[in-house]
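User: I have a structure open and would like to talk it through slowly. Could you help me find my way around?
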Protein chains: 2
Amino acid sequence: MALIVQKYGGSSVSDAESIKRVAKRIAESRRAGNDVVVVVSAMGDTTDELIDLARQITPLPPSREMDILLTAGERISMSLLAMAINSLGVTAKSFTGQQAGVITDAVHGKARIVDVVPSRIRETIEKGSVAIVAGFQGVTRTTNDVTTLGRGGSDTTAVALAAGLGADVCEIYTDVDGVFTADPRIVPNAKKIDRITYEEMLEMAASGAKVLVLRCVEYARRYDVPIHVRSSFSGKSGTLVTNIPLAVEAGPSEVEVAMEAPIISGVAHDRSEAKITVVGVPDVPGTAARTFEVVAGAGANIDMIVQNVSAASTGLTDISFTLPEGDGQLAMTALNAVQGEIGFGSLQYDDQIGKVSLIGAGMKSHPGVSAKLFGALRDAGINIEMITTSEIRISVVTREDSLDDAVRAVHSAFGLDGDGEAVVYGGTGR
Amino acid sequence: MALIVQKYGGSSVSDAESIKRVAKRIAESRRAGNDVVVVVSAMGDTTDELIDLARQITPLPPSREMDILLTAGERISMSLLAMAINSLGVTAKSFTGQQAGVITDAVHGKARIVDVVPSRIRETIEKGSVAIVAGFQGVTRTTNDVTTLGRGGSDTTAVALAAGLGADVCEIYTDVDGVFTADPRIVPNAKKIDRITYEEMLEMAASGAKVLVLRCVEYARRYDVPIHVRSSFSGKSGTLVTNIPLAVEAGPSEVEVAMEAPIISGVAHDRSEAKITVVGVPDVPGTAARTFEVVAGAGANIDMIVQNVSAASTGLTDISFTLPEGDGQLAMTALNAVQGEIGFGSLQYDDQIGKVSLIGAGMKSHPGVSAKLFGALRDAGINIEMITTSEIRISVVTREDSLDDAVRAVHSAFGLDGDGEAVVYGGTGR
């Protein structure tokens, strides 16, 4: 008998039929003798519809009111799900983020969880009932105001509750079978990853894999909560995210192999970044630092950085960096304002870039990996614009329109292609 | 400068445009220097849509979960309304029933307010902001569970808050201009009533007038909260419900007239009752009492009662009573179960009845009133099946299909017909 936290996204509870299907799965978990806590997102497009309603009222709604509005979505899905479970003869009670003890800071719209006090949830499961908790929301400690956690908030709620309750596993149900070696929409024969470490999953998430958001994996790593990413549409086992590398749990002969060769987890990609190039920067100490200080001060998140070798004749260099497209306007404005101070020539903005990342353990110690990666891209006729590497990741920037080809070329070069087609079930949840 | 509680029903906030219109009215009240607290219902058909969703899940949802589901409706309307008011440059904050301090008993689906602790509301208006409060909902004191107040719950929330805050007036905005001398859909030239006492309003509500529900008027009378029923679609003054009879505030000559003649407030009607006749009851002491004990024990609300004169030859009598149609099945089942004990012959159930009521002060002391009423019905060819009277009301039961004619005949006989047509604006709110 285990204590399991399950999280179902919006696409898993998009209508009455889906809710009944999910309820059946929860009731089975409970009947198998497990203690079950369920975190649920708003039904299907509810959140988008509520945002649209707010836009009809005003283009700039106060964030406190926006949070109250949006949390109506989970209120609907959680009560319906509790009804559906009860109708199967298993008792279930639903709880708002507040009732579940999810305490956050007061940053409406993207609050961070500061504490989890799940006493009512604990009482509920001790009585043998299933506890349904609204994802994506919490409450401020002092003013008792409702907050939302922003993107990936429901996954984070689930992991935070699992940590607070000391759960054995946090099951994240989604519309795909798990984490894949690449996006199956781009690489149809991508394989499901059975096990992956928090660190690799962090790199996958940071590099554009959409299944789990970064903050949720960070939270799970900090509190060592095993995450099981799996499909709500099938009974198959999915991807287990833990702190244990694959090699350690493998049999003796496999360990040997694993410790020799780098373990490639998968290929991630990201279309959401833009590139800014600062042209003609005086190549003197401190200018690069000042440039990034200005960008960071504007609230923009810098990802990759490339500084070209200075042309000896001019003493000028170019600095390129990538950042989320949404931060582009901010960064450009901030940099324009200090053109005189820094003394650069001009700014170039380019949002037609894509990033492909190879993730796996032991890359730095295997120089052959990057050589193979660059070779595969060259053979596919794809130009590399920027490169960064970490202990477990190599990322390259390409033109956006050759990104899909790049993902397929890398995936194939590293022998990740499977035999069959990956099964994908539709849209993505919150 | 006054403290005003305003309540807007679902039809006043049915879409973004209506919400903006209501926001403008609220902002005007605030700008005129008033402290404004607003109670709002769910948008248009939201509640019905949520009930429908629950029915798709299960025919018998747990009442606790049903309450959580339904309160999502007010969450949406209250936050949108707060956004709309803020966009007009007037600060506004929305509050759930819990945040507003509306404490109820734990009877989910039809909870009663047991206390109102509006400290956050008071703080908000003291800071010069408008406070928007979700109608129809509260929270239990001990378990912190969400409850709904049942039919007319938003009106009752408004009156309870007005009482708790010591407001100068509670304005109930609806889609008609106020309380009319009869339903304008039946009597097109019915007149708006300018002033009416709590007692008369209670009789109007109990007799089927839909504008205010009984419990809301009862609450207002107990705490002496003046209610102003008015239209959210026009700027006109509506109907003021207070403890002050019309005559007292009228000028000297009018007082004289008023104190001589009975003051007729209006004609109410009700189609929602059914009649049960217990045929052949032994005419011995205690049988009638036992009959009504059984019906009450089944949870049915008895309204009117008629016991026929016993036929001397048989020693048997018939007892008829009316009750809400919804309670009919309960009462019939309960009575059938005691047929042997009570020893009656049979039961008759009739839901094709209508009730017309004449409401006004000083009826008992003016026997001419009932004579005029019966005469008007006779002249219109309408048969009277049952009669009850109180100090300020006479009600008669007729066939349902002659109810409209009965209302018009009585309205006209008592000189209530106005010159023009009453203005009505569409459906009714919650």
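Predicted model: local features only at pLDDT ≥ 70, side-chain atom pairs only at ≥ 80, totals over all residues.

User: Okay, which residues does UniProt list for "binding site", starting with the set that has Lys7(A) in it?
Analyst: The unreviewed UniProt entry lists Lys7(A), Tyr8(A), Gly9(A) and Gly10(A), then Thr174(A), Asp175(A) and Arg185(A), and finally Lys210(A) and Val211(A). These residues are spread over 205 residues of sequence, and they are also spread in space, with up to 23.6 Å between C-alpha atoms. Among these residues, Lys210(A) is included in the lining of the second largest pocket.

User: Where does Lys7(A) sit, and is Lys7(A) buried or exposed?
Analyst: Lys7(A) belongs to strand 1 of chain A, which covers residues 3-8. Lys7(A) counts as buried because its relative accessibility is 3%, and the cut-off for buried is under 20%.

User: And what about Gly9(A), where is that one?
Analyst: Gly9(A) is in the loop of chain A that runs between strand 1 and helix 1, the helix at 16-31. Its relative accessibility is 3%, so Gly9(A) counts as buried too.

User: What does Gly9(A) touch, then?
Analyst: If residues up to four places away in sequence are not counted, Gly9(A) touches Ser41(A) and Tyr173(A).

User: I also saw Thr47(A) in the record. Which feature is that?
Analyst: UniProt, again in an unreviewed entry, places the feature "binding site" at Thr47(A) and Glu74(A). Although these two are spread over 28 residues of sequence, they cluster in space, the largest C-alpha distance being 9.0 Å.

User: Which elements hold them?
Analyst: Thr47(A) lies in helix 2 of chain A, while Glu74(A) is found in helix 3 of chain A.

User: Why do you call Glu74(A) and Thr47(A) buried?
Analyst: The label rests on relative accessible area, for which buried means under 20%. Thr47(A) has a value of 11% and therefore counts as buried, and Glu74(A), at 0%, is therefore buried as well.

User: What does the side chain of Glu74(A) reach?
Analyst: The Glu74(A) side chain reaches the backbone nitrogen of Ala42(A), at a distance of 3.2 Å.

User: Switching topic: how many residues are in contact between chain A and chain B?
Analyst: On the chain A side 40 residues are in contact with chain B, and on the chain B side 40 residues take part. The area buried between the two chains is about 3,300 Å², and carbon and sulfur atoms give 64% of that. In chain A, the residues that lose the most area to chain B are Ile57(A), Arg75(A) and Met83(A), which together account for 23% of what that side buries.

User: How many salt bridges and polar contacts are there across it?
Analyst: The rule finds two salt bridges across the interface of chain A and chain B. In a salt bridge between the chains, the side chains of Arg120(B) and Asp145(A) meet at 3.2 Å, N to O.

User: Last one: where is Asp350(B), and what does it touch?
Analyst: Asp350(B) has its place in strand 17 of chain B, residues 346-350, and is buried, with a relative accessible area of 17%. Leaving out residues up to four places away in sequence, Asp350(B) touches Ala274(B), Lys275(B) and Arg399(B). A polar contact of 2.5 Å joins the side chains of Asp350(B) and Arg399(B).

Technical notes: Residues numbered from 1 in each chain as written. Chains lettered and ligands numbered in written order. Heavy atoms only, no water. UniProt positions renumbered as here; feature names shortened; annotations may be inferred. 1 Å grid on protein atoms, 1.4 Å probe; cavity = no way out; pocket = protein on both sides within 12 Å on 5 of 7 lines; lining within 4 Å. Helix = DSSP H or I, 4+ residues; strand = E, 2+ residues; numbered from the N terminus. Buried < 20%, exposed > 50% of the residue type's maximum accessible area, 1.4 Å probe, protein only. Contact = heavy atoms within 4.5 Å. Buried area = accessible area lost by both parts, 1.4 Å probe. Salt bridge = Lys/Arg side-chain N within 4 Å of Asp/Glu carboxyl O. Polar contact = N/O pair within 3.5 Å; in protein donor to acceptor, adjacent residues only side chain to side chain.
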